[in-house]
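Please consult the sequence and structure shown here while reading.

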Amino acid sequence: MRVFMLMMYAAILRLTYLTAREVFGHETALLSALLLGSTLLFLHKAIEIRPDVPQTLFGAAAFLYLVRYFRRNQRRHLYISAGLMGISFLFLQKALFPLLFIVAALFYTGYKRRIPYRDVFLYAGVLALTVAPYGVYLVATGTFGSYLDWAWIMNLKLDVHFLPYKFILGALADNAPLWLFYVLGILFALKAPLEKFFGAASLVLFLSVFLMPAPSTQYFMAALPVVAIVSAAGLAETFAER
């Protein structure tokens, strides 16, 4: 089973490279994969046997196809992205945060008249069709109530005090270059609308973890591929020839 985890870890690195290459080019894409692969938090959790790994894998694939949709305006990429995000949600429901961010980003892009609003509802429709069979199964087997209790209500009622500064200080100590260039990337490297999309996605996915009453370190896995892309952009911008 651990071999499959390693294969998914390698696939996430590949998806991170492909996503970054769509917007920032080959060199920044290589840097993003290297930064992600050398991030201790990500490496330690990615090789463990846990559902966070396939959730991150399918979420990263969903982001890749969404970026391809934005760049190429081909609706099939939108459909693929929605299906992949639905699968990510089925692995772990904390994929709700990237899911909501993508829907919000599509609405905003529609508001800016870069895409038709119809595509937002098409995305939501394909997403709903992807997760609907599981919902039907839960209802048919009479386990929908148990699902709500264990997957949602119990987590919301956990009375655990989480101190985010302890995680942040630990992450800075273990992966200082990643976060240093991430801040530089947010401040200086993101200029085009699609580049700013990565900045917004990384911030939302990272900060959304702190909304959970008792998050674990693996909860940050979904944010790290996008964080690595922004960090790579910051690194490339810092050492670019002037």
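## Cavities, core and salt bridges

The lining of the largest cavity consists of 11 nonpolar, six polar and no charged residues, where Ala, Val, Leu, Ile, Met, Phe, Trp, Tyr, Cys and Pro count as nonpolar, Asp, Glu, Lys and Arg as charged, and the others, Gly among them, as polar. The model is predicted, so that local features need pLDDT of at least 70 and side-chain atom pairs pLDDT 80 or more, while totals for chains, interfaces and linings use all residues. Residues are numbered from 1 along each chain as its sequence is written, and side-chain values use heavy atoms, with hydrogens and water left out.

A cavity is a set of points on a 1 Å grid over the protein atoms alone where a 1.4 Å probe fits but cannot get out; a pocket is an open set with protein on both sides within 12 Å along at least five of seven lines; lining residues have an atom within 4 Å of a point. Grid points are joined across faces, edges and corners, and a volume is the space filled by probe spheres set on the points. By this rule there are two cavities of 30 Å³ or more.

| Space | Volume | Lining by class |
|---|---|---|
| Largest cavity | about 160 Å³ | 11 nonpolar, six polar, no charged |
| Second largest cavity | about 80 Å³ | eight nonpolar, two polar, one charged |
| Second largest pocket | about 370 Å³ | 10 nonpolar, two polar, three charged |

Of the 17 residues lining the largest cavity, Gly59, Ala60, Phe63, Ala222 and Val226 lie nearest its centre. The lining of the second largest cavity includes Gln55, Lys94, Tyr219 and Ala222. Helix H6 (96-111) and H11 each give two or more residues to the lining of the second largest cavity.

The largest nonpolar core holds 69 residues, among which Leu106, Phe197 and Phe198 touch the most other members. H1 contributes the most to this core, with 11 residues. Such a core is a set of buried Ala, Val, Leu, Ile, Met, Phe, Trp, Tyr and Cys residues joined through side-chain atoms within 4.5 Å. Buried means under 20% relative accessible area, exposed over 50%, and partly exposed in between (1.4 Å probe, protein chains only). Beyond residues up to four places away in sequence, the contacts of Leu106 include Leu66, Phe70 and Tyr123, contact meaning heavy atoms within 4.5 Å.

Met8 belongs to helix H1 and counts as buried because its relative accessibility is 14%. With residues up to four places away in sequence left out, Met8 touches Val53, Pro54 and Leu57.

Nine salt bridges are counted, each being a side-chain nitrogen of Lys or Arg within 4 Å of a carboxyl oxygen of Asp or Glu. Arg68 and Glu22 form one of them (3.2 Å, N to O). This pair links helix H4 to helix H1, 46 residues apart. Glu22 also meets Arg71 in a salt bridge (3.2 Å, N to O). Arg68 is buried because its relative accessible area is 14%, and Glu22 is buried at 10%. Elsewhere, Lys45, Glu48, Arg50, Asp52 and Lys94 are linked in a network of salt bridges.

Technical notes
Helices (H or I, at least four residues) and strands (E, at least two) are DSSP runs, numbered from the N terminus.
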